[in-house]
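Student: Could you walk me through this structure, step by step?

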Amino acid sequence: MTTSRRLADRKTAKFQKNITKRGGVPETTVKKGNDYPVGPIVLGFFVFVVIGSSLFQIIRTATSGGLA
C-alpha cells in the first residue's frame with residue numbers, strides 16, 4: 001500500500017468514527033431555556049426607570065401647556 005493510500009485510509013477511519021458519535025451531546029451542555037439573561041431586580045429597575053421617565057415627561061408636558 002502506498003503512503004498516500006494509508007493516509008487516506010487513516011483519515012477516512014477517523015471521520016467515520018466521528019460520524020458515529022454525532023448527537024451524543026451530554027445533557028449539561030444543552031440550554032434549559034428557564035434562565036433569564038437579566039435578573040428580576042434589574043428588570044424591575046429598568047421598568048421603573050422607563051415608566052417613571054414617561055410619567056415625568058407626561059406631567060411636564062401637561063404643566064407646560066402642550067408642545068413647548
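Predicted model: local features only at pLDDT ≥ 70, side-chain atom pairs only at ≥ 80, totals over all residues.

Student: Okay, what is the secondary structure of the chain?

Tutor: The chain has two helices and zero strands, where helices (H or I, at least four residues) and strands (E, at least two) are DSSP runs numbered from the N terminus.

Student: How many residues does H2 have, and what reach?

Tutor: H2 has 25 residues and spans 36 Å from its first C-alpha to its last, close to the 36 Å expected at 1.5 Å a residue; that expected span is 1.5 Å times one less than the number of residues. After H2 comes Gly65, with a positive phi near 100°.

Student: What does UniProt list for residues 38–59?

Tutor: An unreviewed UniProt entry lists them as "transmembrane region", and such annotations, given in the numbering used here with shortened feature names, may be inferred rather than shown by experiment. Over residues 38–59 the chain is 91% helix and 0% strand.

Student: How much of the chain is buried?

Tutor: Of its 68 residues, 0% count as buried, meaning under 20% relative accessible area, with exposed over 50% and partly exposed in between (1.4 Å probe, protein chains only). Val50, for example, lies in helix H2 (residues 40–64) and is partly exposed at 39%.

Student: New topic: which salt bridge turns up?

Tutor: A search of the whole structure finds one, and it joins Asp9 to Arg5, with the closest N and O atoms 3.8 Å apart; the term means a side-chain nitrogen of Lys or Arg within 4 Å of a carboxyl oxygen of Asp or Glu.

Methods. Residues numbered from 1 in each chain as written. Heavy atoms only, no water.
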